[in-house]
Amino acid sequence: MLDYKALPKIELHAHLSGSISRQCLHEVWLLKKAADETDLQDPLIEMPPGKHDYDLKTFFPLFSSYIYNLVNDGPVLRYTTLSVLRDFAEDGVVYLELRTTPRAMPAVGLTEADYVRTILDTIAEFERSAEGKTLRTKLILSIDRRNNPTQARQVLALCKQFLGLGVVGIDLCGNPAVPLDPQLAPVFEDARCVPGLGMTLHFAEAECSGSDAELDMLLSWRPDRLGHVICVSERVRREIAGRKGIGLELCLSCNVHAGMVHGGFESHHFGEWWKAADAVVVLSTDDVGIFGSPLSNEYALAAQHFGLSRAHICGLIRKGLDVIFGGEEEKSRLRDILWKA
Ligand SMILES: [Zn+2]
């Protein structure tokens, strides 16, 4: 199997909290344990190395009852963010769009805006360092399906506040088993009217979030990109194919390990989409800390299971440039890097 680590890559669908390595969480736990600040179990026991088969039932509680309780103050947010950036840079990622749901940490006096600011400051700090020379990182703020309209409005307000300061897009994420509140629609419709703000949506991750009614509503918000695109009817599939230039963030290992697709890698819908003339497919990791497959490995898997040559892979990565939210200056920097690779 070829090693795609050295190949410059772009990653557009990565959740900050789910991208933290178990080793990094373990280091945080050791510090908290020594300071008598946590009763949580060691992350290496809670999430044993090599365990990647989290499904939709076990995945979301891992965050709400564990990871969020460990990453619960400003210094740890900075420490874990730096670790995530370092891991992507070491894997050869040259452009990264990280996403996160703004989270207040009232026990330490951190507001949602402080949370976003801390991450952006950490990104800037990393980019000034020697190890952060080639990786450029932007931030997407996510509205969780659990959010009520007021909370969703607050996320949109933060997008506007930090637009041009590192935030480039808005996302809809969260447990697909949570019914989508139609009252979130006006928030996304307003987001669509904010110049320069990209929109990506978790789309048809599971049967329960794959009804035509839900997908028609999501498509009516005119998103720039869709994540996952698993449980779609033939009609919706044609509708997506007809949206010229729409970006599809497809995640191989996450979908296979979590049992979201059946039949293993070979039957993943990447095989149908990657040659599509109008859609732009971008391979993504989703949650490398949970599913254990860095982006270089996702490309190796695509090559192995779908017969992509190195030229195909380079072509795919270059095409992905069309759907980044980072703007023209960033595109031109990336053109220099990707066309030399
Ligand atoms: Zn995701």
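Predicted model: local features only at pLDDT ≥ 70, side-chain atom pairs only at ≥ 80, totals over all residues.
Trainee: Where should I start? Which residues does UniProt list for the adenosine deaminase domain?

Mentor: Start with the record. The unreviewed UniProt entry lists residues 8–338 as "domain: Adenosine deaminase". In the model, the end C-alpha atoms of that span lie 6 Å apart. The span is 46% helix and 15% strand.

Trainee: Now the metal. Which residues coordinate the zinc ion?

Mentor: Look for the donor atoms. His13, His15 and His202 each give NE2, and Asp286 gives OD. The distances run from 2.1 to 2.2 Å. Along the sequence the spacing reads H-x1-H-x186-H-x83-D.

Trainee: Are His15 and Asp286 buried or exposed?

Mentor: Both are buried.

Trainee: How do I judge the geometry? What is the site of the zinc ion called, given its angles?

Mentor: Begin with the ideal. Four tetrahedral donors have ideal angles of 109.5 degrees. Here the angles among the four donor atoms span 84 to 173 degrees, and the site is irregular.

Trainee: Next, cysteines. How many disulfides does a search of the whole structure find?

Mentor: First the idea. A disulfide is a covalent bond between the sulfur atoms of two cysteines. The search of this structure finds zero. Take Cys193, which is in no disulfide. The nearest cysteine sulfur belongs to Cys159 and is 14 Å away. Cys193 is exposed, at 60% relative accessible area. Cys24 has 2% relative accessibility, so it counts as buried.

Trainee: And contacts? What does Glu214 touch beyond its sequence neighbours?

Mentor: Skip residues within four places in sequence. Then Glu214 is in contact with Arg145, Leu180 and Ser209. Glu214 lies in helix 8 (residues 212–220). It counts as buried because its relative accessibility is 10%.

Trainee: Give me a second case. Where is Arg153?

Mentor: Arg153 is in helix 6 (residues 149–162). At 36% relative accessibility, it counts as partly exposed. With residues up to four places away left out, Arg153 touches Pro186, Val187 and Asp190. Compare sequence and space for one of these: Arg153 and Asp190 are 37 residues apart in sequence, and their C-alpha atoms are 9.4 Å apart.

Trainee: Last topic, salt bridges. How many are there?

Mentor: The general idea is simple. Side chains of opposite charge can pair when their charged atoms come close. The count here is 23 salt bridges. Arg146 pairs with Asp144, with the closest N and O atoms 3.3 Å apart. Arg146 is exposed at 56% relative accessibility, whereas Asp144 is buried at 10%.

Trainee: Which helices hold Arg235 and Asp216?

Mentor: First, the bond: Arg235 and Asp216 form a salt bridge, with the closest N and O atoms 2.8 Å apart. Arg235 is in helix 9 (residues 234–241) and Asp216 in helix 8, 19 residues apart. Arg235 is partly exposed at 37%, and Asp216 is partly exposed at 34%.

Trainee: What separates Glu328 and Lys331 within helix 15?

Mentor: About one helical turn, because they are three residues apart in helix 15 (residues 328–340). Glu328 is exposed at 54%, while Lys331 is buried at 14%. Elsewhere, salt bridges that share partners join Glu97, Arg99, Asp171, Arg225 and Glu249 into one network.

Notes. Residues numbered from 1 in each chain as written. Heavy atoms only, no water. UniProt positions renumbered as here; feature names shortened; annotations may be inferred. Helix = DSSP H or I, 4+ residues; strand = E, 2+ residues; numbered from the N terminus. Donors = N, O, S within 2.8 Å, 3.2 Å for Na, K, Ca; no water. Tetrahedral: all angles 85-135°; square planar, octahedral: opposite > 155°, others 65-115°. Buried < 20%, exposed > 50% of the residue type's maximum accessible area, 1.4 Å probe, protein only. Disulfide = S-S within 2.5 Å. Contact = heavy atoms within 4.5 Å. Salt bridge = Lys/Arg side-chain N within 4 Å of Asp/Glu carboxyl O.
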